[in-house]
Amino acid sequence: MTRLKKSYTDEETNQAYKCYEIFCTVNGNKTTLEKFKKFRYRRIFYELIVSYDSFGTVIPIEDYIKYLVEEAIPFNRWGNLNTFRDFVLIYTKEEDCEKGIKRSQKFLSEKNCNIETISDTRLIMYLESGNVSPWLVLKYYPEFFDYVIKETQNTYVKNILSLYFWKLKEQREKVAN
């Protein structure tokens, strides 16, 4: 972790305060900007913004902070890539089918690409960062599951794309509807 800067821009402070506010809300507390400025561990929230931006994800930071609080992740692990990867794994597996597909399609359209034209390597990157939901892959590119299981050495992506899990979840979604 980096040392606390002597001063932050208003934008940085507003972003960090927003994260602190979410943190307090999840814990059932109310807060003010003044309380935040006096908070002993406020640098954690400044660093969280930088770390979360570096992960390059479209998943809302609010969901990540809720995960951190609910799982009682220590402050010193909030900006850790492995913590983020654990979050993405849980988030994508709990996400609703339609929500995951819409989120993924929106992301891909912003990148001016689609599931049929994207390279396998880039798709793996987008799955790792949580930008593309496995639901989209299962619905429009099911043969990619076979490719990942047979060809890639990336065990993290194999965990995300556990074919058995997604097929079972798909069957449950059909029964529920």
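Helix 4 (residues 61–70) and helix 5 (residues 81–94) have axes that come within 11 Å and cross at roughly 105°, where axes are lines fitted to C-alpha atoms, for helices over the stretch in contact, and angles run from 0 to 180 degrees between N-to-C directions. Helix 4 is therefore roughly perpendicular to helix 5, a label given to angles of 65 to 115 degrees. The contact, meaning heavy atoms within 4.5 Å, is made by Asp63, Tyr64, Tyr67 and Leu68 of helix 4 together with Thr83, Phe84, Asp86, Phe87, Ile90 and Tyr91 of helix 5. By class, this contact has 7 nonpolar, 1 polar and 2 charged residues; Ala, Val, Leu, Ile, Met, Phe, Trp, Tyr, Cys and Pro count as nonpolar, Asp, Glu, Lys and Arg as charged, and the others, Gly among them, as polar.

This is a predicted model, in which local features need pLDDT of at least 70 and side-chain atom pairs count only at pLDDT 80 or more, while totals for chains, interfaces and linings use all residues. Residues are numbered from 1 along each chain as its sequence is written, and side-chain values use heavy atoms, with hydrogens and water left out.

The protein chain has 11 helices and 0 strands, these being DSSP runs (H or I, at least four residues, for helices; E, at least two, for strands) numbered from the N terminus. Of its 177 residues, 40% count as buried, and its C-alpha atoms fill a box of roughly 55 × 35 × 30 Å along the principal axes.

| Residue | Relative accessible area | Class |
|---|---|---|
| Ser54 | 58% | exposed |
| Thr31 | 16% | buried |
| Cys19 | 2% | buried |

Ser54 lies in helix 3 (residues 43–55), and its C-alpha atom is separated by 9.5 Å from that of Leu81, which is 27 residues apart from Ser54 along the chain. Thr31 is found in the loop between helix 1 (10–26) and helix 2 (33–38), and Thr31 touches Tyr17, Tyr20, Glu21, Cys24 and Phe36, not counting residues up to four places away in sequence.

A disulfide is a covalent bond between the sulfur atoms of two cysteines. With a disulfide taken as a pair of cysteine sulfur atoms within 2.5 Å, the count comes to 0. Cys19 is in no disulfide, and the nearest cysteine sulfur, that of Cys24, is 11 Å away. The sulfur of Cys113 is too far for a bond, because the closest cysteine sulfur, in Cys97, is 20 Å from it.

Conventions:
Buried < 20%, exposed > 50% of the residue type's maximum accessible area, 1.4 Å probe, protein only. Parallel < 35°, antiparallel > 145°, perpendicular 65-115°, else oblique.
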